Amino acid sequence: MKTSDFDYFLPQELIAQTPSEKREMSRLLVVDRKTNTFYDKHFYDIIDYMDEGDCLVVNDSKVIPARIYGTKQETGAKIEFLLHKNIEGDIWEVMAKPGKRLKIGTVVDFDGILSAEVLAKKEDGLIDVKFSYEGSFFEILNNIGIMPLPPYIKEKLEDNDRYQTVYAGKYGSSAAPTAGLHMSEELLQKIIDKGIKVVKVTLNVGLGTFLPVSADDISEHTMHSEFYEITEDAAKVINETKASGKKVIALGTTSVRTIESSATFNGKVVPETRNTDIFIYPGYEFKVVDMLITNFHLPKSTLLMLVSAFYDREHTLKAYEYAVEQKYRFFSFGDASVFV
């Protein structure tokens, strides 16, 4: 299967530059996989597709204000860091611009309250650095860092909270799990009141989510690795839901990748903390997820391939063509879709 098989035409003006005025007011394209029919709804209608006893799985990872600007200690040259992932302690993998001029041992200063020493240089402009500071690392980032919006968003974000889900709790992501941006506290409470169990898992979204698939044959693509965690309580609720015949509903592709990474051959979710580089594309057999809520993804992206695996490639592309015709908003701040 070729990467070009997952291409589609998207007018530039349909790429959302700002979030909707209210989270749950985003549009929702309902895709019925049994009848291959589409329905135009709003996100607040998502509750109508959930039944008492179902389980909604959300990713509670919180976005780091991961873009920081500093200067080389030796020369004063300006340097931009984009934090990619935490390796251990104060050692982080970051994307540096310009990265070629940074040598091992170089120290970069940030506003006089944070510094970073280059430990190793890698491919794709990535480097390992060790940060030095006093106080709380994440409080410092909140003071000097900028939300790492995707490159296709040109507008300034007026409210940083709109690039966080309302249930975000654990810092670690370099990008938001964007399907969750549609969920408001009020709608989440209505879902809970209806008898749907809400389970939190954690997957730290890395910068690789924006990287295009460069291989012509998708089977030759190497996925980026991301940290995830599933607690014993979360695994228990998901497994009990499956055993009872109710639906496990994934809010976002990151939730899908988390629970499918942990699932055993018989569909049981295992509580664990580790990294995953799972690549889900057509031919993959889902073990746990019964319903998928997600945004509209970039052409030729691994996320579009995941959606195509959950439905099928031909009909997924037809759904996207329909969304373009109906002028749905695309990508991170865009509208949502649900595959039932």
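Visitor: Why does L14 count as buried?

Guide: The model is a predicted one. A residue is called buried when its relative accessible area is under 20%. L14 has 8% relative accessibility, and therefore counts as buried. Its place is in the segment before β1.

Visitor: What is L14 in contact with, leaving aside its neighbours within four places in sequence?

Guide: Contact requires heavy atoms within 4.5 Å. By that criterion L14 is in contact with V324, K327, Y328, R329 and F330. L14 and K327 are 313 residues apart along the chain, yet their C-alpha atoms are separated by 6.6 Å.

Visitor: What share of the contacts in the protein with a separation of 6 or more comes from residues 24 or more positions apart?

Guide: Such residues account for 71% of those contacts.

Visitor: How many of the residues of the protein count as buried?

Guide: Of the 340 residues, 54% do. The accessible surface of the protein comes to about 15800 Å², and carbon and sulfur atoms hold 47% of that area.

Visitor: How do you know whether the radius of gyration agrees with that of a compact globule?

Guide: For 340 residues, the rule for a compact globule gives a radius of gyration near 20 Å; the protein has 20 Å, so the value agrees. Along the principal axes, the C-alpha trace spans about 65 × 45 × 40 Å.

Visitor: Which strands make up the open sheet, and in what order?

Guide: The protein has 6 helices and 17 strands. The open sheet consists of 9 strands in the order β2-β1-β17-β16-β14-β3-β12-β13-β15, and the pairing is mixed.

Visitor: What makes β2 and β15 edge strands?

Guide: Strands pair if there are at least two bridges between them. β2 (37-42) and β15 (272-276) each pair on one side only, and these are the edge strands. On average, neighbouring strands of this sheet are turned by 25 degrees against each other, direction ignored.

Visitor: How do you know that β1 and β2 pair?

Guide: The requirement is at least two bridges; β1 (residues 27-32) and β2 have 6 bridges, in the antiparallel sense, and therefore count as paired.

Notes: Residues are numbered from 1 along each chain as its sequence is written. This is a predicted model: local features need pLDDT of at least 70, side-chain atom pairs count only at pLDDT 80 or more; totals for chains, interfaces and linings use all residues. Side-chain values use heavy atoms; hydrogens and water are left out. Helices (H or I, at least four residues) and strands (E, at least two) are DSSP runs, numbered from the N terminus. Axes are lines fitted to C-alpha atoms, for helices over the stretch in contact, and angles run from 0 to 180 degrees between N-to-C directions. The radius of gyration is taken over C-alpha atoms; the globule rule is 2.2 Å times the number of residues to the power 0.38. Buried means under 20% relative accessible area, exposed over 50%, partly exposed in between (1.4 Å probe, protein chains only). Accessible areas come from the Shrake-Rupley method with a 1.4 Å probe; for residues, only the protein chains shown count as cover.
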